[in-house]
Amino acid sequence: KKDLHRGKTVICNLSARVGSISDNGLGGWISYRSSKSALNQATRTMAHELKRQGTMCLCLHPGTTDTDLSKPFQANVRQDRLFPVDFTAGR
């Protein structure tokens with residue numbers, strides 16, 4: 001019998017495009033790519049398991065945000081794809 005009082009549950013993980021296996025044409029960033037790939041796969045597996053109890057699991061990629069962390073590689077990001085912190089946080 002389903003618990004009729006249980007609310008809808010959502011698990012949302014923040015990921016990054018570099019975690020995509022099919023979109024890795026450049027290599028590099030082994031540790032970061034590996035951790036994001038693992039997060040993506042864990043989220044996918046959780047989604048299959050937890051949907052049985054009404055939980056939705058998803059990954060969001062907010063885009064490249066203009067922070068100190070992204071500064072070293074911003075030269076490779078198109079200007080229209082580099083987002084200010086306020087924009088990313090507000091999405």
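Strand E1, helix H1 and strand E2 form a right-handed β-α-β unit. Keep in mind that this is a predicted model. Let me take the parts in turn.

E1 covers residues 9-14. E2 covers residues 55-60. In which sense do the two strands pair, parallel or antiparallel? They are parallel, with 6 bridges between them. Asn 13 has Cys 59 in E2 as its bridge partner. Leu 14 sits opposite Leu 60, also in E2.

Now the helix. H1 takes in residues 30-50. Look for Thr 43, which belongs to this helix. Is Thr 43 buried or exposed? Thr 43 counts as buried, because its relative accessibility is 4%, and the cut-off for buried is under 20%.

What does Thr 43 touch, leaving aside residues up to four places away in sequence? The answer is Asn 13, Cys 57, Leu 58 and Cys 59. In sequence, 16 residues separate it from Thr 43. In space, the two C-alpha atoms are 6.9 Å apart.

Rolling a probe the size of a water molecule over the atoms shows where empty space is left. Here, the largest pocket has a volume of about 1,100 Å³. It is lined by 28 residues, and those closest to its centre are Val 18, Trp 29, Thr 64, Phe 73 and Val 77. Which elements give two or more residues to that lining? They are H1 and strand E3, residues 64-65. H1 gives the most, with 3 residues. So our helix turns up again, this time at the pocket. By class, the lining has 11 nonpolar, 11 polar and 6 charged residues.

Stay with Trp 29 for a moment. Trp 29 is in the loop between E1 and H1. Its phi is positive, about 50°, although Trp 29 is not a glycine. Trp 29 counts as partly exposed, because its relative accessibility is 41%.

Let's move to another loop, the one between E3 and strand E4. E4 is residues 82-83. One is Leu 69. Leu 69 counts as exposed, since its relative accessibility is 68%, and exposed means over 50%. From Leu 69 to Val 18 is 51 residues in sequence and 14 Å between C-alpha atoms. Val 18, remember, is among the residues closest to the pocket centre.

The other is Lys 71, in that loop between E3 and E4. How does Lys 71 count, at 44% relative accessibility? Lys 71 is partly exposed. Lys 71 and Asn 13 lie 58 residues apart in sequence, and their C-alpha atoms are 23 Å apart.

Last stop, helix H2, residues 85-90. Asp 86 is found there. Asp 86 counts as exposed, because its relative accessibility is 69%. Now compare sequence and space once more. Asp 86 and Gly 28 are 58 residues apart in sequence. Their C-alpha atoms are 28 Å apart.

To recap, briefly. E1, H1 and E2 make the right-handed unit. Thr 43 of H1 is buried and touches residues that include Asn 13 and Cys 59. The largest pocket takes 3 lining residues from H1. Leu 69 and Asp 86 are exposed.

Notes: Residues numbered from 1 in each chain as written. Predicted model: local features only at pLDDT ≥ 70, side-chain atom pairs only at ≥ 80, totals over all residues. Heavy atoms only, no water. Pairing = 2+ DSSP bridges. Helix = DSSP H or I, 4+ residues; strand = E, 2+ residues; numbered from the N terminus. Right-handed = clockwise from strand over helix to strand, strands pointing away. Buried < 20%, exposed > 50% of the residue type's maximum accessible area, 1.4 Å probe, protein only. Contact = heavy atoms within 4.5 Å. 1 Å grid on protein atoms, 1.4 Å probe; cavity = no way out; pocket = protein on both sides within 12 Å on 5 of 7 lines; lining within 4 Å. Points joined across faces, edges and corners; volume = space filled by probe spheres on them. Nonpolar A, V, L, I, M, F, W, Y, C, P; charged D, E, K, R; others polar.
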